[in-house]
Amino acid sequence: MTVHSYYLPRSLPEALDLLADHGPSLLVMAGGTVVMPLINEGLSLPEAVMGLRRAGLDRLERTDGMLTIGATATLTQLLEQDAVPMLRDAARNTASWSIRNMGTVGGNLFTPPPGGDVAVALLALDATVTLASATARRDLPLADFYTGFMTDRLADDELLVEVRVPIPTAPTAYIKFGRKHANTPAVVTVAVRLAWDGGAVTDARIALGAVGPHPIRARDAERWLIGTTLGPDAIAAAASAAAKECEPFTDAIATDWYRRRMTGVFVARALEQLAPGAGGKGG
Amino acid sequence: MASTIVTFELGDDREVEVMVRPMTTLQTVLRNQLGLTATKEGCRQGGCGSCAVLVDGEPMLSCLLPVEDVAGRRVTTLESLTPTEGLHPIQQAFIDGYAFQCGYCTPGMVIVAAALLDHDSAPSVDDIRWALAGNICRCTGYGPIVEAIGAAAETIGAGQVEEPR
Amino acid sequence: MNDPLNVVGRSVERSDGIGHVTGRTVFASDHVVPGMLHLKMVRSPLHHARIRGIDTSDAERVPGFVRALTAADVPHNRYTILGLIGVEPEEEFVLAEERVRFKGEAMVAIVAETEEAAYEAVAKVHLDLEELPAVFDVEEALKPGAPVVTHWGNNTFMYEGHPCRRVRLGDVEAAFARADHIVEGVYDTSPIEHAPTETTGCIAVPEANGRYTVYTNTQALYFSLDNTSIILQVPGNQLHFVGGTVGGGFGGKVDVIVEPIATLAAMKTNRPVRYVYSRAEEMQVSSTRSAWRIYLKDGVTADGHIIARKVTSYADSGAYSRQTPYALTKHAANAAGPYAIPNVSIDAYCVYTNRQPTSAMRGFGVTMASFALEVQMDKIAELVGLDPWTIRFLNAYHDGDMKPHRKLAEDATLIETMQAAAALVGHDLAPDLKAMTSAPRGRRGEESGRP
C-alpha cells in the first residue's frame with residue numbers, strides 16, 4: 001500500500017480525534033466494500049485511512065417506537081432485525097451474503113447511485129442521521145442530507161454515527177428492480193410508506209434509487225396520493241408523476257429512458273401492493 | 001507508520017503472526033505471505049466471490065479486508081476446511097457431481113457452502129442459490145454446484161458427520 | 001471387467017478433481033516467487049492518437065520504481081500471432097509505436113517492487129498525444145475518407161489481394177431473377193467479453209541456467225512461447241513455458257499478450273516479474289468476440305426452396321486483427337448454413353476500427369452466422385406459409401450435395417438431428433419429415449446404413 005497509516009480506533013471519541021488531527025485527507029472507511037475496490041485498482045492512493053469497524057458504532061436497538069441503527073451496523077444485522085420489515089427487504093436486496101457481512105448501513109448512505117438500496121428505504125422511512133465532530137453533535141433529516149452527486153452535508157470534521165428510524169405502523173412496500181435477481185446494481189429501487197385515516201391516504205413517502213444523483217423523494221407523486229383511496233387512477237397518476245420528476249442517468253446497467261419507464265412501472269407496482277384489498281405485505 | 005504485527009487464528013488449530021505494511025489485504029497475506037493459495041483472486045472488487053473466506057464462521061471477501069481488521073479473529077480458508085485425510089463432504093459432493101470445470105471459482109463456492117450448511121442443515125434449492133449469489137462461475141452454469149451442495153447437505157444430515165471446521 | 005483401461009461406459013472421477021476442491025490446483029498466479037517485481041501498464045486514454053512524447057521522469061521518482069519499458073526496448077516490437085501459420089502482415093505492437101489505435105492500448109510497461117508503487121508510477125507517466133479522428137462502425141470504416149486504422153492504408157484485412165473472403169457457387173443474380181420471393185435481412189451482434197473468473201496473467205522467472213520460466217494461463221502454450229521467442233529474438237529453447245490449468249479461457253486467453261513483455265521485463269531486471277490483468281483490464285482491454293453485421297438476401301420459391309443466398313458479412317476486428325482473419329475464413333465456409341442452396345455468393349470482410357481488438361471465442365466465425373441464418377429461416381417460413389420445422393427439412397443438405405465452398409457434403413446429419421430434437425420436445429413431425437434421411441438425393445428413401 002502507498003497507505004502510510006491505517007487507524008482502527010476503538011471508540012467514537014478516538015475516531016473523532018483522529019479526524020480532527022488529520023482533516024479531510026483522512027480517508028474514512030467502514031465496511032470497505034466501496035473504498036477497498038478503489039484502493040485495489042489503484043484509483044485511490046490515500047496516505048492515511050481510518051477504519052471504523054472497531055469503534056463501537058454497530059449497535060442496533062429498538063426502543064419506544066424507534067429503531068436506532070449504529071453507522072457501522074452491518075447489512076446482515078439489518079437483515080436479522082424484525083422491527084422494520086422494509087429495512088429487512090432492503091438489506092435482502094443489497095449485494096451478496098459476504099458483502100452484507102461487511103457492508104454497513106452508514107456506508108450505504110455514501111454509496112453512489114445506482115447503489116444505496118438501503119438509503120432509499122431509510123429515506124422513505126423519514127430517517128434521521130446523527131453527525132458528530134470532536135466538539136459537537138447534530139441531527140439532520142436524511143431528506144436534507146444529500147446536496148448532489150456524491151456531495152452531502154457531512155462536514156470535514158464530522159462522522160455519521162447513527163441513523164434513527166421511527167418504526168412504521170402501517171404496511172410499507174419496497175421493490176428493487178435489477179437485471180439479475182440478486183447481487184446486482186439497481187435499474188430502479190422504489191420504497192413507499194403511506195399514512196392512512198379511514199380509507200384515505202393522509203401522507204405519503206415515495207423514495208427512488210438509481211434514478212437521480214442520490215436517493216430522492218418523488219414529491220410530485222406523493223402529492224397525487226394525498227386524500228385519495230389509492231385507487232387505480234391515483235396510482236396511475238402518481239406513477240406517471242414519479243417517472244416525470246426523476247432524473248435518471250445512463251450507465252452500463254441501463255439507459256436513462258429505460259430507468260425512467262421502469263420508475264413508472266415499479267412505483268405503480270409498489271402502490272398496488274398497498275392498495276386496499278391487495279393483501280399487501282409488510283407491517 | 002511502519003509495518004505492524006497482526007495476529008489471528010487460522011482454522012481450528014493455528015495462530016498466525018504476520019508482519020504487514022498498513023492495509024495489506026487478508027487475501028494478499030494468505031496468498032503471498034502464508035503460501036495459502038486456495039483463496040483465489042478474480043476481481044479485487046468484491047464482485048466475483050473467488051476470494052471468500054470465513055471470519056468467525058461468516059463468509060467475507062478477503063480482497064476487501066485489511067488484515068488488521070481480522071486481528072484476534074478466526075479465519076477459515078479452504079485449506080482449513082480440508083481434513084488431513086479424506087475430503088469434507090462438500091468437497092466429495094463436488095467431485096461426485098462434477099460441480100466444476102476450470103476449478104477457479106470452486107474454493108469460494110465450497111467456503112460459502114460450508115457456511116450455509118453450518119447455518120441451515122437442509123437448505124432448499126432457492127436457499128442455496130441465494131447463498132451463492134456472490135459467487136460467479138463462468139463455466140458450469142451453476143446447476144451442478146447447487147445440486148452438489150444439496151447432496152452434501154443430505155450426506156451430512158444422514159450420516160451425522162461431524163463437519164471439520 | 002478387471003481391465004483398468006476400460007473406462008467406456010463408466011463414470012470416472014476427473015483427474016484434477018481433488019486439486020480443484022481442495023484448492024491445491026496451481027493456477028498461474030498461485031506461483032509466488034520470492035523477489036517478484038510487479039508490472040503494470042500505462043494505457044492509451046484515447047481511441048486514436050499520434051504519440052508525440054512519453055515522459056517517465058516523475059514515475060521514476062516513485063519509491064519502489066524499478067524500470068520503464070517502451071517500444072524502443074522491445075527487440076521485435078511488431079508481430080502478428082498468426083504469423084506462425086503464415087498469416088501476414090505483422091501489425092500489432094507489444095508496446096505502441098508512433099500511434100495508438102484503441103483506448104487501452106499498451107504503451108509503457110512500468111515495473112516496480114510493489115503493486116502499489118507500480119500503480120502510482122503508472123499514474124505519473126505523462127503522455128503527449130495528438131488526438132486523431134476515430135471510427136467505431138464497420139461500414140463507416142469502409143467508406144472513403146474514413147480514419148485509417150492500419151499501417152498499410154485501408155481498413156480491411158487482405159485475403160490474397162482481395163479485401164474479403166469470397167465464396168461463389170452458381171449464379172445468384174440469375175436465381176434471384178427467377179425466384180418467387182426475395183427475403184432480405186440485416187443482423188447485428190454485439191461484442192461479447194469472455195469474463196473468465198481468473199484474469200489473464202503470467203510470471204516470468206529468470207533461471208540459474210540462463211533460461212526463463214514463464215508460468216502462464218494462456219490457452220495456447222506453444223503459440224505464446226514461439227511468439228515470445230520471435231518478439232524477444234531469443235531461441236525458443238531459452239524459454240520454458242509452464243501452463244496447464246486455465247481459470248476460464250473460452251478463447252479469451254489465446255492472444256499472446258502478457259508473456260512477451262513480462263519476459264522482457266525479467267530479462268532487463270534479472271528479477272521475476274508478475275504481470276496479471278486487473279478485472280478492469282480483463283473486461284475493457286482484453287479481446288472480445290467480434291461484433292458482426294450480416295446482410296442476407298435470399299431467393300425463395302413459392303414452395304419454400306431457397307435457390308439463392310447472398311451473404312455480405314462484416315466482422316469488427318477492432319484495432320488489431322489477432323485471430324479474426326481466421327474467423328472470417330471459417331465464417332465464409334459456413335455462412336450459407338447447413339442447407340442445400342445451388343447459388344451462393346459470400347463476401348466476408350475483416351474490418352479494422354478503433355474499438356477493442358477482437359479475437360477468438362467459442363465457435364467464432366460461425367455462431368453469429370447461425371443466429372442470422374436461423375432468424376432468416378423463420379422469416380422465410382412465415383412468408384411461404386410453412387412451419388419452422390418443415391422449412392428446414394425442405395432445405396436441409398444431404399450427403400453428396402455441393403457446399404458453397406466447393407466441397408461435397410459428407411456425414412450430413414441435420415435431418416436426423418432435427419428428428420431427434422422433435423422427439424425430445426414432443427413435437428410430432430409429419431410422416432414425410434419423419435421418414436426423411438440425409439442419404440444422397442438420388443437414393444432418397446433407400447436404406448443408407450446410418451443409425
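**View 1. The fold of chain B in the predicted model.** Read along the sequence of this predicted model, chain B runs through the pattern β-β-α-β-β-β-α-α-α-α-α, which amounts to six helices and five strands. The radius of gyration of chain B is 16 Å, close to the 15 Å that the globule rule gives for 165 residues, so chain B is as compact as a globular protein of that length. Taken along the principal axes, the C-alpha atoms of chain B fill a box of roughly 50 × 30 × 25 Å. Of the 165 residues in chain B, 54% count as buried, and among its contacts between residues at least 6 apart in sequence, 62% join residues that are at least 24 apart.

View 2. Helix α1 of chain B, which spans residues 26–33, is mostly covered, with six of its eight residues buried. The buried residues of α1(B) are B:Leu26, B:Gln27, B:Thr28, B:Val29, B:Leu30 and B:Arg31. What covers these residues includes three strands of chain B, namely β2 (14–20), β3 (52–55) and β5 (74–76). After α1(B) comes B:Gly35, which has a positive phi, near 65°.

**View 3. The two domains of chain B where they meet.** Chain B is divided into domain 1, residues 4–81, and domain 2, residues 89–159, and the centres of these two domains, taken over C-alpha atoms, are separated by 21 Å. Where the domains touch, 15 residues of domain 1 of chain B are in contact with 13 residues of domain 2 of chain B. On the domain 1 side, β3, β4 (58–61) and α2 of chain B each supply at least two residues, and β3(B) gives the most, with three residues. By class, this side of domain 1 of chain B holds nine nonpolar, four polar and two charged residues.

**View 4. The contact between chain B and chain C.** Chain B brings 31 residues to this contact, and chain C brings 22 residues. The elements of chain B that give two or more residues to the side touching chain C are α1, α2 (78–81), α3 (89–96) and α4. The residues on that side of chain B divide into 16 nonpolar, ten polar and five charged. Helix α1(B), with six of its eight residues buried, is thus shown here again as one of the elements at the contact with chain C.

**View 5. The largest nonpolar core and one of its residues.** The largest nonpolar core has 265 residues, and those with the most contacts inside it are A:Ala121, A:Leu208, A:Ala242, A:Val267, C:Ile110 and C:Ala265. Helix α4 of chain B (residues 106–119) contributes the largest share of this core, nine residues. Apart from its neighbours within four places in sequence, A:Ala242 is in contact with A:Ile206, A:Leu208, A:Ala218, A:Ala221, A:Thr263, A:Gly264 and A:Val267.

**View 6. The domains of chain A.** The domain assignment of chain A gives domain 1 (5–51), domain 2 (60–166) and domain 3 (172–274). Taken over C-alpha atoms, the centres of domain 1 of chain A and domain 3 of chain A are 35 Å apart.

**View 7. Confidence in the model and a stretch of chain C.** The model scores ipTM 0.95 and pTM 0.94, and in chain C the mean pLDDT is 95, with 98% of residues reaching 70 or more. Over residues 444–451 of chain C, however, pLDDT stays under 50, and for this stretch the model has five contacts beyond four places in sequence. Where pLDDT is low, the predicted coordinates should not be read in detail.

Technical notes: Residues are numbered from 1 along each chain as its sequence is written. Chains are lettered from A and ligands numbered from 1 in the order in which they are written. This is a predicted model: local features need pLDDT of at least 70, side-chain atom pairs count only at pLDDT 80 or more; totals for chains, interfaces and linings use all residues. pLDDT is the predictor's confidence in each residue, from 0 to 100. Two residues are in contact if their C-beta atoms, placed from the backbone, lie within 7 Å. A residue is buried if 20 or more other C-beta atoms lie within 10 Å of its own, exposed if 12 or fewer, and partly exposed in between; C-beta atoms are placed from the backbone. Helices (H or I, at least four residues) and strands (E, at least two) are DSSP runs, numbered from the N terminus. The radius of gyration is taken over C-alpha atoms; the globule rule is 2.2 Å times the number of residues to the power 0.38. A nonpolar core is a set of buried Ala, Val, Leu, Ile, Met, Phe, Trp, Tyr and Cys residues joined through C-beta atoms within 7 Å. Domain bounds come from an automatic or database domain assignment. Ala, Val, Leu, Ile, Met, Phe, Trp, Tyr, Cys and Pro count as nonpolar, Asp, Glu, Lys and Arg as charged, and the others, Gly among them, as polar.
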